[in-house]
Amino acid sequence: MPHAARRLLPAASRLVLAAILLSAATFVLLEAQGVAPATSLTVVTRDGRRPLQTTFINNQEFVALDDVAAMFQVTVREDALAGGVTISYKGRSIIASTDQPMAMVAGRVVTLPAPAARVGRRLLVPIDFLTRALGPIYDQPIELRRPQRLLLVGVADAPPAATPPAATVAPPAPSADGAAAPPPAAAAAPPPAPGASPSSPALLPGARTGPRLQTMVIDAGHGGDDQGVRGPNGGVEKQIALEVARRLRTLVETRLGVRVVMTRDDDRAVTPDTRDAAANNSKADLFLSVHVNGAFSQAAAGAEIYYLRLDRDGEAVRRNAAATEIVLPAVGGSTRTIDIVRWDLAQSFHVDESAVFASMLEEELRKQVPMSEQPLRQEPMRMLAGANMPAALVEIGYLTNPAQERLLQSSDFQGMVAQAMFDAVVRFRDRLEVER
């Protein structure tokens, strides 16, 4: 070996050894903070697949917000006054707490497995943030399939990784606000299977034969791994919502003789789009979602009722409704009018009726239970957006308020809430009968 090479070898060895020691020291430091080595999810969109790096902190899987910003075109800024991090997307905001396992999404609290965390200079959030917080304000469905390590964005299923896209299918054209719009549905496209999560435009029935209330969908919020809001003394939203939903079902079925479809009747996870699909496939005439609220402050209290506020696309659907109608032949020589509309904009045709139903809910609940200072609210909510019928969401109280937590868990209070919602359903049914 030349003399120069013998002199360089010890220096190179020292560099390699220093790199190994630095890597080991970094691993030990992260391990001391409860941080495991990085792993990844596969994000599946219509354009293909991309990796999204994640890491485990104290057995919870997190994703860095700068990676989320790059992939989902959101903006992120720390907000000391709000006590957390503000994530914005197309004028809609999320405030993720850094000391409580929750986030404020369009004025409503959603729970997370852990608060936002900082590792070095990076801010991280639990991966459930993507579906529970970002999903409701994003313009495409987001579904996490944890066992398969997949995050589906705007698609119903993950195509095989080796399958190339069909050459004859053009990518969706961007909408006015820059978001990719789903491609138009063909006239012969079948509706989604019962319980399926829609990912493309659907053929939705046009005018119905008679507005009488025949089928109602009652949606018990959250379920499965998604517990919803948790109270300071252990109350859990998913359990309370299911109890109230069951009470309401009994009243509607036994006193009105109306068919009731439950989006869940046990403790299981159901995605927002699957809830809408269940309602639409059952041809329901009314949709009511039952939730329990939460807030960063324990002082917040009272019931609130929500109905959908349309975004720019939804308003366009309402203006151009006539242009999207097609007439198809039916059995016996008659015809059937069909509206072609993106599935996630189905509520556009029913906002006025939803506002009436929400007002009735507010009036009846006010007779029975405490109300918040602003009980009737109109907000952009993905779960309501896809319902092809009048739809509303009720937050029956604040579980984060210790006094209300005790009320919400009591059988008497749950009975009063169910009775008030039933009375509103009766009033809405009577209104439909008059309009026939």
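**Close-up views of a predicted model**

**View 1. The whole chain.** Welcome to the overview: the chain holds 10 helices and 21 strands. Please keep in mind that this is a predicted model. Of its 436 residues, 47% count as buried. The chain exposes about 20700 Å², and carbon and sulfur atoms supply 56% of that area. Taking contacts between residues at least 6 apart in sequence, 68% join residues at least 24 apart.

**View 2. The largest nonpolar core.** Let's step inside, where the largest nonpolar core gathers 50 residues. The members that touch the most others are M216, L288, F357, L361, L365, I396 and M421. Elements giving two or more residues to this core include the strands β14 (215-220), β16 (286-293) and β21 (391-398), along with the helices α4 (237-256) and α7 (351-368). Helix α10 provides the largest share, 11 residues.

**View 3. M421 and its partners.** Here we zoom in on one residue of that core, M421. Beyond its neighbours within four places in sequence, M421 is in contact with V244, L248, L288, V290, L361, L365 and V394. Apart from this core lies another, of 32 residues, with V63, I87, V105 and V125 among them.

View 4. Now look at strand β8 (residues 108-111), which includes T111. T111 has a relative accessible area of 9%, so this threonine counts as buried, the cut-off being under 20%. A polar atom of the T111 side chain lies 2.3 Å from the backbone oxygen of G228. Setting aside neighbours within four places in sequence, the contacts of T111 are P101, M102, R132, D226, G228, V229 and R230.

Note on methods:
Residues are numbered from 1 along each chain as its sequence is written. This is a predicted model: local features need pLDDT of at least 70, side-chain atom pairs count only at pLDDT 80 or more; totals for chains, interfaces and linings use all residues. Side-chain values use heavy atoms; hydrogens and water are left out. A nonpolar core is a set of buried Ala, Val, Leu, Ile, Met, Phe, Trp, Tyr and Cys residues joined through side-chain atoms within 4.5 Å. Buried means under 20% relative accessible area, exposed over 50%, partly exposed in between (1.4 Å probe, protein chains only). Helices (H or I, at least four residues) and strands (E, at least two) are DSSP runs, numbered from the N terminus. Contact means heavy atoms within 4.5 Å. A polar contact is a pair of N or O atoms within 3.5 Å; within protein, one must be able to donate a hydrogen and the other to accept it, and residues adjacent in sequence count only if both atoms are side-chain atoms. Accessible areas come from the Shrake-Rupley method with a 1.4 Å probe; for residues, only the protein chains shown count as cover.
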